[in-house]
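Hello,

Here is the structure we talked about handing over. Please open it first, then read the notes below.

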Amino acid sequence: MKRIYFDNAATTRTDNEVVKAMEPYFTKFYGNASSLHTFGQEARKALEDSRKKAAELINAKPNEIYFTSGGTESDNLALKGVAYANKSKGKHIITSKIEHHAIEHTCQYLEKQGFDVTYLPVDKYGIVTPESVKSAIRKDTILISIMHANNEIGTIEPVKEIGKIAREKGVLFHTDAVQTFGKVPIDVKDMNVDLLSSSSHKLHGPKGVGLIYIREGVKVEQQMLGGGHERGMRSGTENIPGIVGFAKACEIAKADMEKDTKKVSAMRDRLVKEILKTEDTYLNGHPTQRLPGNAHFRFSFIEGESLLLRLDDKGIAASTGSACSSKSLEPSHVLLAIGLKAEEAHGSLRITIEKDNTDAEIDYAIAEIPKVVASLREMSPFKKGDACIQKK
Amino acid sequence: MYSEKVMDLFRSPHNMGKIENADGIGKVGNPVCGDVMYIYIKVKDNKIADIKFETFGCAAAIATSSMITDLAKGKTLDEALKITKGDVAEALEGLPPIKMHCSNLAADGLKAAIEDYRSKQGKGKGQAAPKNVKQEKKE
């Protein structure tokens with residue numbers, strides 16, 4: 001059976017070119033970038049060349065880029081690092097209700113450490129309004145952290161407007177750009193971003209590597225102590241093959257972004273148009289202001305884990321926000337934040353398309369998804385006309 | 001994550017659907033939690049002559065629904081009432097710990113259907129149509 005990968009928001013296939021670029025750094029140029037000998041200096045050069053390539057993708061300076069182990073570490077470093085470096089100025093942090101767990105759980109941790117966190121609500125499309133950010137700012141606000149785009153429903157936030165407000169008010173602004181980095185144009189200067197997190201494996205780079213952009217002059221307290229790597233911001237021997245691969249992925253993304261976005265969003269738009277012809281089916285997230293490859297559906301009367309597993313039997317790999325598929329048995333906090341009831345959130349299906357996908361795969365999904373939905377609806381005690389809210 | 005047995009029954013559940021004019025119906029679960037199960041039984045000579053289910057829920061909920069129908073069919077009502085969540089999970093070659101509540105649901109659903117049947121017998125009403133359930137299939 002042919003298998004189709006439609007879970008590109010979870011991770012992407014590493015580009016062949018990326019793998020090729022990494023290979024020599026395992027077996028040939030394997031030096032430690034901190035060593036003074038030629039082996040070390042070869043690694044050092046690769047590291048600094050990579051930093052330059054990553055910086056170019058977001059209009060940053062190379063010395064504003066620090067490599068990390070991924071998006072989670074970058075988010076932890078941004079929040080804890082800014083909080084601890086600025087705690088004498090204030091203890092208030094503003095974020096949203098739809099952030100990735102790397103932000104949400106770090107904020108909850110900081111609350112236990114005595115910081116005060118405001119979790120801004122979103123509208124039904126998942127948008128954080130700049131006005132709500134503005135009115136939440138207090139005298140003791142030290143950081144605003146709003147994601148660039150949501151990983152589940154794909155909504156792109158008005159980060160430029162939020163950045164402008166933060167800059168005017170003199171509050172630092174961090175954005176988790178894990179889903180947009182290499183997919184949507186980012187200009188940290190134009191967007192008034194002070195800190196930004198990204199992860200390599202979401203843009204066809206290797207896993208286990210990411211970066212944090214920290215604007216020159218912004219004070220951040222290091223969270224990983226040791227040999228003083230990454231100019232003291234993040235100790236630990238640099239993952240040179242991973243960083244080289246990440247930089248290659250950045251280079252490819254920069255060159256192909258326009259072409260890939262066009263291709264991916266055309267496939268996504270066709271899928272959405274066709275799937276929405278299924279009865280009692282809805283699109284979650286913003287109709288236009290969303291990630292190019294993100295389609296997030298809600299099917300009434302059925303549950304997402306069953307849908308996901310039956311699609312997997314058909315060779316289609318997707319994702320769901322249903323509680324039944326999560327470790328906690330809680331429905332997605334993002335779906336609840338956009339106003340869905342728990343029972344509505346259960347029937348959700350996320351399909352995330354990338355440049356590797358083809359029109360033939362979209363055709364197959366358009367043909368198979370409604371059949372699987374129908375088979376589960378046949379089994380469901382809830383039918384059209386029911387409110388789907390009967391209690392025991 | 002799931003055993004082969006769970007996946008087999010999830011893919012091809014037994015006794016799926018509804019029994020028109022069922023003698024007893026058990027409705028358990030809560031859509032908020034993501035699992036709702038309706039168990040329909042036909043009773044003859046104090047035995048479960050026929051049993052079917054309709055389930056909204058995860059793969060474990062569907063597999064446990066299917067399993068309870070297989071375990072209960074042909075049993076006397078008293079025997080059927082003795083089927084526990086542990087029996088269902090064991091017959092399914094185990095369930096992930098976090099999913100154990102789903103198998104609880106299957107045994108509860110059967111129990112509720114039998115209680116429904118007995119209460120109707122007690123009242124001498126026979127078979128009442130279930131509330132909130134449409135009689136016709138949509139598909």
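**Chain B**

In chain B, 63% of the contacts with a separation of 6 or more are between residues 24 or more positions apart. Please keep in mind that this is a predicted model. Chain B has five helices and three strands. Along the sequence they run α-β-β-β-α-α-α-α. Of the 139 residues in chain B, 43% are buried.

**Domains of chain A**

Chain A splits into domain 1 (4-10 + 257-379) and domain 2 (16-253). Taken over C-alpha atoms, the centres of domain 1 and domain 2 of chain A are 28 Å apart. The contact between them involves 19 residues of domain 1 of chain A and 21 residues of domain 2 of chain A. On the domain 1 side, β10 (294-299) and α10 (333-337) of chain A are the elements that give two or more residues. The most come from α10(A), with three residues. By class, that side of domain 1 of chain A has seven nonpolar, ten polar and two charged residues.

**Cores**

The largest nonpolar core has 80 residues. Which of them touch the most other members? They are A:Val82, A:Ile93, A:Ile144, A:Leu195 and A:Tyr213. Helix α8 (residues 240-275) of chain A gives the most to this core, namely eight residues. Domain 1 (4-10 + 257-379) and domain 2 (16-253) of chain A each supply at least three residues to this core.

A:Val82 deserves a look of its own. Leaving aside neighbours within four places in sequence, A:Val82 is in contact with A:Ile142, A:Leu143, A:Leu172, A:His174, A:Leu195 and A:Val220. Another core, of 68 residues, lies apart from the largest one. Among its members are A:Ile302, A:Ile351, B:Phe56 and B:Cys58.

**Helix α7 of chain A**

Helix α7 of chain A covers residues 159-169. Its buried residues are A:Val159, A:Ile162, A:Gly163 and A:Ala166. After α7(A) comes A:Gly170, with a positive phi near 70°.

Best wishes

Definitions and conventions. Residues are numbered from 1 along each chain as its sequence is written. Chains are lettered from A and ligands numbered from 1 in the order in which they are written. This is a predicted model: local features need pLDDT of at least 70, side-chain atom pairs count only at pLDDT 80 or more; totals for chains, interfaces and linings use all residues. A residue is buried if 20 or more other C-beta atoms lie within 10 Å of its own, exposed if 12 or fewer, and partly exposed in between; C-beta atoms are placed from the backbone. Helices (H or I, at least four residues) and strands (E, at least two) are DSSP runs, numbered from the N terminus. A nonpolar core is a set of buried Ala, Val, Leu, Ile, Met, Phe, Trp, Tyr and Cys residues joined through C-beta atoms within 7 Å. Domain bounds come from an automatic or database domain assignment. Two residues are in contact if their C-beta atoms, placed from the backbone, lie within 7 Å. Ala, Val, Leu, Ile, Met, Phe, Trp, Tyr, Cys and Pro count as nonpolar, Asp, Glu, Lys and Arg as charged, and the others, Gly among them, as polar.
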